[in-house]
Amino acid sequence: MCVFDTMEICEIFYSIQGEGVWTGYPTVFVRLSGCNLRCRYCDTTYAYGPGEVMSIDDVMRRVDGFGVRYVCVTGGEPLLQEDTVLLIDRLLKRGYNVSLETNGSIDIKSLIERFKDFSTFTVSCDIKCPSSGMHDKMRLENVGYLRKVDQLKFVVKDKEDYRYAKKIVEKGKPSCVVLFQPVWGEDPKQLAAWLLKDKLDARLSLQIHKVLWGEKRGV
Ligand code: SF4
């Protein structure tokens with residue numbers, strides 16, 4: 001029992017996974033408080049903190065209560081909290097399919113190594129592009145750590161972002177799925193046209209939770 005392990009939680013909610021390769025699955029989201037970045041287009045400023053202090057046991061009880069198989073651990077930046085790995089460990093051992101979303105500013109090598117024996121664990125790692133204002137904070141070596149089952153995501157606002165992301169993909173040759181996602185509010189057809197023209201080995205990702213319910217909290 002981990003009754004003394006606590007975390008700062010922004011929110012726990014149940015929705016459709018709107019991004020990446022698990023898009024469409026009913027999923028429980030555990031959003032941790034705190035972020036070390038300040039992206040210009042951030043849609044989650046309410047996660048900057050502080051959050052509700054909860055024990056890992058309490059988080060597990062809340063997650064169990066939804067009765068679904070997919071859990072997304074997100075933020076803010078979830079890897080800022082030491083006990084995030086303990087939570088992931090508990091979730092995986094309980095049989096959940098866990099995806100961890102991280103903002104690309106923290107080295108993920110040891111995380112991937114720690115959970116390499118769990119086929120139900122995947123990492124979705126962002127690389128922030130210039131329009132975010134945070135691209136110089138990225139740990140580009142993370143691209144090389146991602147496995148086939150993981151995901152590398154670029155949020156793209158304009159042509160400069162697109163060129164930046166394309167260069168990283170062409171140079172890094174990631175073995176995982178690569179996702180190009182337009183900044184919400186930008187025309188996704190433009191990004192689709194660039195991907196089609198360049199025949200890039202990357203997938204267009206739309207935030208279908210926002211398509212379904214608009215830009216609001218808890219969906
Ligand atoms: S990493 Fe995510 S939560 Fe943090 S500032 Fe950027 S968009 Fe917002």
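**Overall architecture and ligand shell of the predicted model**

For 219 residues, a compact globule would have a radius of gyration near 17 Å, and the protein agrees because its own value is 17 Å. This radius is taken over C-alpha atoms, and the globule rule is 2.2 Å times the number of residues to the power 0.38. The structure is a predicted model: local features need pLDDT of at least 70, side-chain atom pairs count only at pLDDT 80 or more, and totals for chains, interfaces and linings use all residues. Residues are numbered from 1 along each chain as its sequence is written.

The C-alpha trace spans about 55 × 35 × 30 Å along its principal axes. Of the 219 residues, 37% are buried. A residue is buried if 20 or more other C-beta atoms lie within 10 Å of its own, exposed if 12 or fewer, and partly exposed in between, with C-beta atoms placed from the backbone. Among contacts between residues at least 6 apart in sequence, 73% join residues at least 24 apart. A contact requires C-beta atoms, placed from the backbone, within 7 Å.

The protein contains 7 helices and 9 strands. Helices (H or I, at least four residues) and strands (E, at least two) are DSSP runs, numbered from the N terminus. An open sheet of 9 strands has the order β3-β1-β2-β4-β5-β6-β7-β8-β9, and its pairing is mixed. Its edge strands are β3 (52–55) and β9 (203–204), each of which pairs on one side only. Two strands pair if DSSP finds at least two bridges between them.

Several pairings within the sheet are parallel. Strand β2 (residues 26–32) runs parallel to strand β4 (residues 70–74) over 5 bridges. Here Val30 stands opposite Val73 in β4. Strand β5 (residues 97–102) pairs with β6 in the parallel sense, again through 5 bridges. Leu100 has Val123 in β6 as its bridge partner. On the other pairing examined, β6 and strand β7 (residues 151–156) run parallel and are joined by 4 bridges. Ile127 has Phe154 in β7 as its bridge partner.

Strand β6 (residues 121–127) is mostly covered, with 7 of its 7 residues buried. In a regular strand the side chains alternate between the two faces of the sheet. From β6, Phe121, Val123, Cys125 and Ile127 point one way. Thr122, Ser124 and Asp126 point the other way, and the residues of both sets are all buried. Together, β5, helix α3 (residues 109–114) and β6 make a right-handed β-α-β unit. Right-handed means that, with the strands pointing away from the viewer, the path from the first strand over the helix to the second runs clockwise.

The ligand is surrounded by Cys35, Leu37, Arg38, Cys39, Cys42, Thr44, Ala47, Gly75, Gly76, Glu77 and Asn103. The shell divides into 5 nonpolar, 4 polar and 2 charged residues. Ala, Val, Leu, Ile, Met, Phe, Trp, Tyr, Cys and Pro count as nonpolar, Asp, Glu, Lys and Arg as charged, and the others, Gly among them, as polar.

Cys42, one of the shell residues, lies in the loop between β2 and β3. Cys42 is partly exposed because it has 15 C-beta neighbours inside 10 Å. Cys42 and Trp184 are 142 residues apart in sequence, but their C-alpha atoms are 9.9 Å apart in space. A second pair, Glu52 and Gln181, is 129 residues apart in sequence and 30 Å apart, C-alpha to C-alpha. Glu52 is in strand β3. Its count of 13 C-beta neighbours inside 10 Å makes Glu52 partly exposed.

Two cis peptide bonds are noted. One joins Gly49 and Pro50, with omega about -5°. Pro50 is in the loop between β2 and β3. The other runs from Gly75 to Gly76, with omega near 20°. Gly76 is in the loop between β4 and α2 (84–93), and both Gly75 and Gly76 belong to the ligand shell.

Positive phi values occur at two lysines. Lys173 has phi near 40° and is in the loop between α5 (159–172) and β8 (177–182). Lys173 counts as exposed because it has 11 C-beta neighbours inside 10 Å. Lys199 has phi of about 50° and is in the loop between α6 (188–198) and β9. Lys199 is exposed, with 7 other C-beta atoms within 10 Å.

Conventions
A residue is near a molecule or strand if its C-beta atom, placed from the backbone, lies within 6 Å of it. Two residues are in contact if their C-beta atoms, placed from the backbone, lie within 7 Å.
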